[in-house]
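Here are my notes on this one, point by point.

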Amino acid sequence: MRPATVENPAAKPHTLSVIPASAATEDQLTATTTTTTTSATTFEVTVNGEPHATSAATLDALVGELDFAGVRVATAVNGDFVPAGAREKTPLEPGDKIEIVSARQGG
Amino acid sequence: MNKIDKIPGDATDDALTFYGETVSSRMLLGTALYPSPQVMADAVKASGCQIVTVSLRRETARGKIGARFLELINGLGVHVLPNTAGCRTAKEAVTTARMARELFDTPWIKLEVIANDDTLQPDLFGLVEAAVELGRDGFQVFPYTTEDLGAAERLVSAGCQVLMPWGAPIGTGRGLANPYALKTMRNYFPEIPLVVDAGIGAPSHAAQAMEMGYDAVLLSTAVAKAADPVRMATAFAQAIDAGRAAFCSGLMQSRDMAAPSTPVAGTPFFDLDGSASRRGGKS
C-alpha cells in the first residue's frame, strides 16, 4: 500500500465529500465526522481478504490508490457487485469488504 | 423419445447452437492447469474448439496478470465461457457472474455452486436459486449440474437453454460414473443441448458421451495435465468427432447372443454331420 500523499487521487474525493455535508443524511454526516476526526482520515477496510488502511472515500478512489485505475478489473463491496461506472458513487466505510478481481484461467 | 430419430442425416449440417451462437466443434476446453500459457494456446488451436472456459480471481499484481491472460485469450478468436468456480452459495455465484460479465463482456456464464470440497459436486438448491436470479438479470446460463431430472427441470424453467451434467467429480478423470442416468437425461431432454462437464479423463470417455447423443463435452484437466497437452487435445477432438458421427449414424443395439456376420446360406459342409442343430457359431 502507498502512503497518502498530496498527489494521491484518493484524497480528492474525500475532501469533496466533506463539502456537501449540509445536504447529507444523518448517517452520512456521522461517517463524514468520523473520517475527518480520525488521524489523516485513514480507516481499515478489507481488500481481497487482506486488511488495508485507506483514505479513499469511494471505491473508485480505492481502485486508483491500488494502481488499478485504467486496468480491467471487476469489483464487489460486501458481497455485492459494483459496476465500473458506479464505483465513483460508491462510498467506502470502515470495515467494508472489497473484492477486486481480474481475468484468469478456468476449467 | 429416442433422439436418434431426430438426427439429421447430413453430417455437414451438424452444427451446435448455444443461445443463438453456432459452433462447429463439440468440444469445450478449459484454460487452466497447463504447463504454460503458450501450451494452453497451442492446445486450444489443436483441439479446434470454439469455446473455452475462463474464470476470475483476486488481482494482486496491479492488473497485469489479468490483462496478460485476457490478451492471450482474445488472440485465440474463440468464445469465452466464464465460470463461477469455487462459489459456495447462490449469492457468491451471482456476484461472481456479474463481475465476470463485466470483465469478459459476455452474457454467458458457466454456473457452478459447489456443495463440498471432496466431491466438488453441484449444490443443486443453490444452483437453481442462482440460475433463477441470473436468468432474470439477462444472463445465458450454462449450469454445471448432476443428472437429477427434477433439478434439471427447474433449471430449464429458470430459462437455461443448455444443461451440463457431470460425468464424474471435477478432476477425477473417472469418465461417465453413471451412464444409465446420463442416458435417461438425454432421452428426457431430447431438444435441449446437453454437455457432459467434468470427470472426463480419456478420449474414450468423451466418445462414450457423444455416442449416447450428448451434444458436446467440456473437459480441462485431461488435456492440460497430459504429458503432451497439444497432442491430447487433438486426440480428444478426434474422439468427440468419432462419437458424434457414430451417434448420428445410428449405433447397433447390443444383444446377448452371438449372431453370425457372414451369411449362413451356402456355408460349405453345412449338412455333412446331418445334425439339425450345429454347435458353435460361424464368423
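1. "Buried" is under 20% relative accessible area, "exposed" is over 50%, and "partly exposed" is in between (1.4 Å probe, protein chains only). This largest core has 81 residues, and Phe18(B), Leu111(B) and Leu219(B) touch the most other members. Helix 3 of chain B (residues 90-104) gives the largest share, eight residues. A separate core of 16 residues includes Ala61(A), Val63(A), Leu66(A) and Ile100(A).

2. Some bookkeeping before going on. This is a predicted model, where local features need pLDDT of at least 70 and side-chain atom pairs count only at pLDDT 80 or more, while totals for chains, interfaces and linings use all residues. Residues are numbered from 1 along each chain as its sequence is written, chains are lettered from A and ligands numbered from 1 in the order in which they are written, and side-chain values use heavy atoms, with hydrogens and water left out. Helices (H or I, at least four residues) and strands (E, at least two) are DSSP runs, numbered from the N terminus.

3. What does Leu219(B) contact, leaving aside neighbours within four places in sequence? With contact taken as heavy atoms within 4.5 Å, the partners of Leu219(B) are Met27(B), Leu28(B), Leu29(B), Gly30(B), Ile200(B), Phe236(B) and Ile240(B).

4. Now helix 1 of chain B (residues 37-47), whose buried residues are Met40(B), Ala41(B), Ala43(B), Val44(B) and Ser47(B). They sit on the same side of this helix because they cover an arc of only 160° around the axis; the arc is that of the directions from the helix axis to the C-beta atoms. After helix 1 of chain B comes Gly48(B), with a positive phi near 75°.

5. Two non-glycine backbones deserve a look. Asn48(A) has a positive phi near 50°; this residue is in the loop between strand 1 (43-47) and strand 2 (50-54) of chain A and is buried at 12% relative accessible area. Ala198(B) has a positive phi too, about 85°. Ala198(B) belongs to the loop between strand 9 (195-197) and helix 7 (203-211) of chain B, and is buried at 10%.

6. Glu102(B) is partly exposed at 25%, whereas Arg87(A) is buried at 6%.

7. Another pair that crosses between chains is Arg104(A), in strand 5 of chain A, with Glu59(B), in the loop between strand 4 and helix 2 of chain B. Their closest N and O atoms are 3.2 Å apart. Arg104(A) is buried at 10%, and Glu59(B) is buried at 2%.

Note on methods. Core = buried A, V, L, I, M, F, W, Y, C linked by side-chain atoms within 4.5 Å. Salt bridge = Lys/Arg side-chain N within 4 Å of Asp/Glu carboxyl O.
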